[in-house]
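Biologist: I have not looked at this structure before. Please take me through it by question and answer.

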Amino acid sequence: MQERPTVLFIGGHDPSGGAGIQADIETAQALGCRAASLVTCLTTQDSRNVRALHPQPAEDLLSQLDCLLADIRPQAIKIGLLGSAQVILSLAERLATPGVPLVLDPVLAASGGQRLADERLVTAIRRHLLPLTTLLTPNRAEARRLAMTAEPDTAARELRCLGAGAVLLTGADEARGDQVINRLFHETGEQDFNWPRLPHSYHGSGCTLAAACACGLARCGDLVSVTEQAQAWTWQALAHAEHPGHGQWLPRHLAETEP
Ligand code: PLP
């Protein structure tokens, strides 16, 4: 059997299982990749909202990363929730590896409303991580905050000027009507993707989409088809979502492999 590409996921743990590292690992498994994972922080949360973040000490996280990278070279890296600004500069120094695509999901707030990044973290992402990013996947609110610009499309273009190679601006957080429009801003242009709007509110959709993009890039796909296929796959995981708690619906990543 052929070896699967390894994708390194750097993000937080969500005990509800809908978002974070668990969403990443399930997505990788469904899409034929091997997941390596570094947990930046634990969280106290349920399917309704995040209540607290518990970041790992920066030196612990970095020693885990150094140990892993000395042994395994991933074919792509995805960064999600960071939880603290402290670790970013050292992380950026280690991840500046030419030839390894980096997907950055700038998790600044939970869809339940809780803020997950302070201004120091936003500034550190802007300064140290955007220049390393192959594909940035903000929703509209995240794009505005990261670019400090009110209009989302202008914000996405500004984020490319700040160093992101491409930006997939997702529209579900502010969708009106029966369509969700995601827009890809890349080197050679801008492209819209329209998706029928699903009926519920979902927890972990952004993590799932960014993870699927990282898997596509690990398989050396071209950016436009990778982002399109990742959206289609995420739409399916949301269309089959489950509602085990009292809050949002949780994506079903492994539906096709279930007995
Ligand atoms: N918790 C963790 C660990 C996450 O990584 C994320 C999103 O990436 C969230 C919570 C918030 O997820 P959502 O915005 O889908 O509610």
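**Sheet, cores, ligand and helices**

Modeller: Strand β1 and strand β4 (residues 76-79) run parallel, joined by 4 bridges. Strands and helices here are DSSP runs numbered from the N terminus, with helices being H or I of at least four residues and strands E of at least two. Two strands pair if DSSP finds at least two bridges between them. This is a predicted model, in which local features need pLDDT of at least 70 and side-chain atom pairs count only at pLDDT 80 or more, while totals for chains, interfaces and linings use all residues. Residues are numbered from 1 along each chain as its sequence is written, and side-chain values use heavy atoms, leaving out hydrogens and water.

Biologist: Which residue in β4 is the bridge partner of valine 7?

Modeller: β1 and β4 are joined by 4 bridges. In one of these strands, β4, the partner of valine 7 is alanine 76.

Biologist: Which strands are the edge strands of the sheet?

Modeller: The sheet is open and has 9 strands with mixed pairing, in the order β3-β2-β1-β4-β5-β6-β7-β8-β9. An edge strand pairs on one side only, and this holds for β3 (50-55) and β9 (189-196).

Biologist: How many residues of β1 are buried?

Modeller: Buried means under 20% relative accessible area, exposed over 50%, and partly exposed in between (1.4 Å probe, protein chains only). By that cut-off β1 is mostly covered, and the buried count among its 8 residues is 7.

Biologist: Which residues have the most contacts inside the largest nonpolar core?

Modeller: A nonpolar core is a set of buried Ala, Val, Leu, Ile, Met, Phe, Trp, Tyr and Cys residues joined through side-chain atoms within 4.5 Å. The largest has 39 residues, and its largest share, 5 residues, comes from helix α4 (residues 119-129). A second, separate core of 25 residues includes Cys33 and Leu135. In the largest core, the residues with the most contacts are Ile79 and Ile125.

Biologist: How far is a backbone N or O atom of glycine 204 from an oxygen atom of the ligand?

Modeller: The ligand is surrounded by 14 residues, each with a heavy atom within 4 Å of it. A side-chain N or O atom of glutamine 45 is 2.7 Å from a ligand nitrogen, and a polar side-chain atom of histidine 203 is 2.7 Å from a ligand oxygen. For the backbone atom of glycine 204, the distance is 2.6 Å.

Biologist: Which residue follows helix α5 and has a positive phi?

Modeller: Helix α5 (residues 140-147) is mostly covered, with 6 of its 8 residues buried. The elements covering those buried residues include α4 and β8 (179-186). After α5, with a phi near 55°, comes methionine 148.

Biologist: Why does glutamate 228 count as partly exposed?

Modeller: Glutamate 228 lies in helix α8 (residues 223-239). Glutamate 228 touches Phe193 and Trp195 (heavy atoms within 4.5 Å), leaving aside residues up to four places away in sequence. Glutamate 228 counts as partly exposed because its relative accessibility is 38%.

Definitions and conventions
A polar contact is a pair of N or O atoms within 3.5 Å; within protein, one must be able to donate a hydrogen and the other to accept it, and residues adjacent in sequence count only if both atoms are side-chain atoms.
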